[in-house]
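Here are some notes on the model you sent over. Have a look at it first, then read on.

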Amino acid sequence: MNRPSLEMADIVHCAGDDFIKRSRRWISWQHQKVLLAITRCRTAALGGHRDQCSSCGHSAISYYSCRNRHCPGCQGNARVRWLEARQRELLPTRYVHVVFTLPRELAPLALQNKRLIYNLLFHSSAATLLEIARDPRHLGAEIGFFSVLHTWDQRLQHHPHVHCVLAAGGLAPDHSRWISSRRSFFLPIKVLSRVFRGKFVAGLKSAFHTGTLQFYGNLAPLAAQGTFTSWLRLLFRHDWVVYAKRPFGGPEHALRYLSAYTHRIAISNHRLVALANGNVTFRWRDSAHANKKRLMILPVDEFLRRFLLHLLPRGFVRIRNFGFLTNRYRATLLPLCFHLFHSTGPPRQINAAQTSTHRSSASLWNCPVCGGTMHVVEHLSAAQLLLRSPPLSRECAA
């Protein structure tokens, strides 16, 4: 894929310092750290290595990436490694894609309590799937699945939801056989929606009574128990959005789905169109009108503010396993699932050298001059790179 003409690093480089000064009232050190990492990513500031062709001797310098999980340019390798690991766990059956979304009334509270609300979203959605799937009136089986947290919509607004990818079936309670779901649907949507709502609201009540739920600014009145209780009733006025795709193809389709949703951040470099006259133009998909692609223009400060809304708390795990895929059960129950499918076992193990991040002697890419093999011959610090050549400057639009 060709490198985009405009990258997030260009926007941050051109507007970052002024944006930080204008946003002193609310911007945090974590925000500034991410912005700094993005501007330094794949530049001499992080060091690099010199590659040399084993055939013609052509030499080139490659810069290291920042590896920040909010950087648009650093998710590709992490996604590939994760998918390689998941490939060994995908069962030879159909899969289902289910999405649990928080109502917009909860968005302000989620921004003030990110760790608590996002954890609650994970646990309540997973508990809902596990409970309804176990019910003999529906599937009557123990299921296993991955959940991935996204906090944005196509316009970069705050929109917390989790994507779950599940095998379309599960283990019988006595683990004697595999129970497949119906071909037309996996689990009833209305039941999932109402159970999910009940579990999430119960979690909110518990957090409120233990004092772990915080309220600031416009939400401060909710700290009063009577006001909070009345506010909770509003959440029951409508069903919460749960989307479930009909069971689709086999493990190769599941991998395609996983690759589309894992390690994604709020906006990719390939959606950026222009930076001009203090505005950022980017592409977005309008789901309300048959996914028609449109352009949105935002002032650069508003664009960066929206981008920073989606920074996750430090150490927060945004991809999680549940059911028979949890660390506690995977080693025993996953081989049992393969056995019940009369399979010889999971796909061939990937050789460690294929996924290793140590590249000191591995082939990296082909020589642009003769097509030979390029190898790392020298690791360079930031100071060494700056002595060899001045840092490249990014041009800012007028």
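Which residues does the domain assignment give to domain 1 and which to domain 2?

1. Domain 1 takes 8-70 + 368-387, and domain 2 takes 89-266 + 317-343; such bounds come from an automatic or database domain assignment. The C-alpha centres of the two domains are 36 Å apart.

2. A word on the ground rules: this is a predicted model, where local features need pLDDT of at least 70, side-chain atom pairs count only at pLDDT 80 or more, and totals for chains, interfaces and linings use all residues. Residues are numbered from 1 along each chain as its sequence is written, and side-chain values use heavy atoms, leaving out hydrogens and water.

3. Now the helix pair. Helix α1 (residues 8-22) and helix α2 (residues 29-40) have axes that come within 9 Å and cross at roughly 140°. Helices here are DSSP runs of H or I with at least four residues, and strands are runs of E with at least two, numbered from the N terminus. Axes are lines fitted to C-alpha atoms, for helices over the stretch in contact, with angles from 0 to 180 degrees between N-to-C directions.

4. Who touches whom? From α1, M8, A9, V12, H13, F19 and I20 meet Q32, L35, I38 and T39 of α2 (contact means heavy atoms within 4.5 Å).

5. Further along, strands β10 (residues 279-286) and β11 (residues 292-299) run antiparallel, joined by eight bridges; two strands pair if DSSP finds at least two bridges between them. T281 has I297 in β11 as its bridge partner. The hairpin has five residues between the strands, and A290 takes a positive phi near 55° there.
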